[in-house]
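Subject: Structure handover

Hello,

Here is the structure you are taking over. Please open it alongside this message and follow the residues as they come up.

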Amino acid sequence: MTRIAAVHGVLPAHRYGQRELAGAVAALRQDGGEVRALAERFFAGAGVEFRHLAFPLERYPELAGFGRANDAWLAAAAELAERAAGAALAEAQLHSSQVDFIVSTTVTGIAVPSLEARLAPRLGLRADVRRLPLFGLGCAGGAAGMAAVDGLLAGRPDGVALLLATELCSLTLQRADVSAANLLATALFGDGAGALVAVGDGVDCAGPEVVATRSRLYPGTERLLGWEVGDDGFRILLGAELPELVRLFVGEEVSSFLAAHDLKPGDVTAWVCHPGGPRVLDALEQELGLPEAALAPSRASLARCGNLSSASVLHILRDVLQADPPPPPGSYGLVLALGPGFASELVLLRW
């Protein structure tokens, strides 16, 4: 089975409190008082205390238009991803030349050649490294990337794989959009990157093993979550009914997935749940009958740096791996993320 050798998360240097960001966004939009009051309410209720941005606040007025924003994304994303990958490989005590597969996921910028291809010479990857760039998975990309890595390593017991999740959500800001969905997204999402190193079962590693994965699409929910792409870039689709759909579908999906392995939610020691927002976390907690402490790592990550889209689950998994005490041998963990589709991605771990 695939084992996780190391996980590392990085954040940009520019750190701001939620109140400061609310004021800056309101000034940038030059909205009327009613819209400004609505934005401030979303910022106050997002469960976020601080966020890190790819650039200083004063730089963002220069980044109008999709072209400029995407150019800025490419430069900053490459730097963050390189830092995350280098640190994860060092923690795994592996050299970049040992990497056989690299999977990269993002939903906040576009690059051809893709991000991992541009990073390959900077990281020192071999010319024959197998690449798998993923786009469009959104917040589910980190968990889906773990499943993709597991699939790639299934036939390579001596293989090494690197997963990169790089998201600069601040560069998708839509200044003219005063919809509730855009205001909520502006209050919730932050910038960051994560890297995970995994190895085949023929490589000596003490990390948790990947027991199973599951992907699920929920029909009729395509307009619930995602992007509308226009001249100004990515305009978010974020349905207010998302927490209710979590109650209707995701709780049962998780229970079914665990039951297939003779487990119940109470048997899971470590919950690595994407912090889609306070209401989504509340819905998961209630539907699965979890104690308050179960989703504490997700809530702490949300407060510390916001929703990092695909990179969030890697940051939370890193925190779980570094906890004192760590999960005991033989215990189970569940990585859970939701994304456009509407879809869920589940990864069952065992220490």
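A residue is called buried when its relative accessible area is under 20%, exposed when that value is over 50%, and partly exposed in between. By that rule R156 is partly exposed, because its relative accessible area is 30%. Please keep in mind that this is a predicted model.

Salt bridges

R156 forms a salt bridge with D158, and their closest N and O atoms are 3.2 Å apart. There are 16 salt bridges in the count. One of the salt bridges joins the side chains of R3 and E209, at 3.6 Å from N to O. R3 belongs to strand 1 and E209 to strand 8 (residues 209-217), so this pair ties together parts that lie 206 residues apart in sequence.

E209 also forms a salt bridge with R350, where the closest N and O atoms are 2.4 Å apart. This pair again links distant parts of the chain: R350 is in strand 13 (residues 343-350), E209 is in strand 8, and 141 residues separate them. Salt bridges with shared partners also join D100, R126, D128, R156 and D158 into one network.

How accessible are these residues? E209 is buried, with a relative accessible area of 11%. R3 is partly exposed at 24%, and R350 is also partly exposed, with a relative accessibility of 24%.

Strand 1

Strand 1 covers residues 3-10, and six of its eight residues are buried, so the strand is largely enclosed by the rest of the structure. Which strand does strand 1 pair with over seven bridges? The partner is strand 7 (residues 191-199), and the pairing is antiparallel. Within it, A6 has V197 of strand 7 as its bridge partner.

Helix 9

Helix 9 spans residues 296-305, and its buried residues are S298, S301, L302, A303 and C305. In an α-helix, residues three or four places apart point the same way, because there are 3.6 residues a turn. The cover over the buried residues of helix 9 includes strand 3 (50-53), helix 6 (180-188), strand 11 (268-273), helix 8 (278-288) and helix 10 (312-321). Just after helix 9 comes G306, which has a positive phi of about 80°.

A surface patch

I110, V112 and F135 make up a nonpolar patch on the surface, and together they have about 310 Å² of accessible area. I110 sits in the loop between strand 4 (101-106) and helix 4 (115-123). I110 is partly exposed, with a relative accessible area of 40%.

Regards

Definitions and conventions:
Residues numbered from 1 in each chain as written. Predicted model: local features only at pLDDT ≥ 70, side-chain atom pairs only at ≥ 80, totals over all residues. Heavy atoms only, no water. Buried < 20%, exposed > 50% of the residue type's maximum accessible area, 1.4 Å probe, protein only. Helix = DSSP H or I, 4+ residues; strand = E, 2+ residues; numbered from the N terminus. Pairing = 2+ DSSP bridges. Contact = heavy atoms within 4.5 Å. Patch = residues over 30% accessible without salt bridge, like charges linked within 9 Å, V, L, I, M, F, W, Y side chains within 5 Å. Areas by Shrake-Rupley, 256 points an atom, 1.4 Å probe, with all protein chains shown as cover. Salt bridge = Lys/Arg side-chain N within 4 Å of Asp/Glu carboxyl O.
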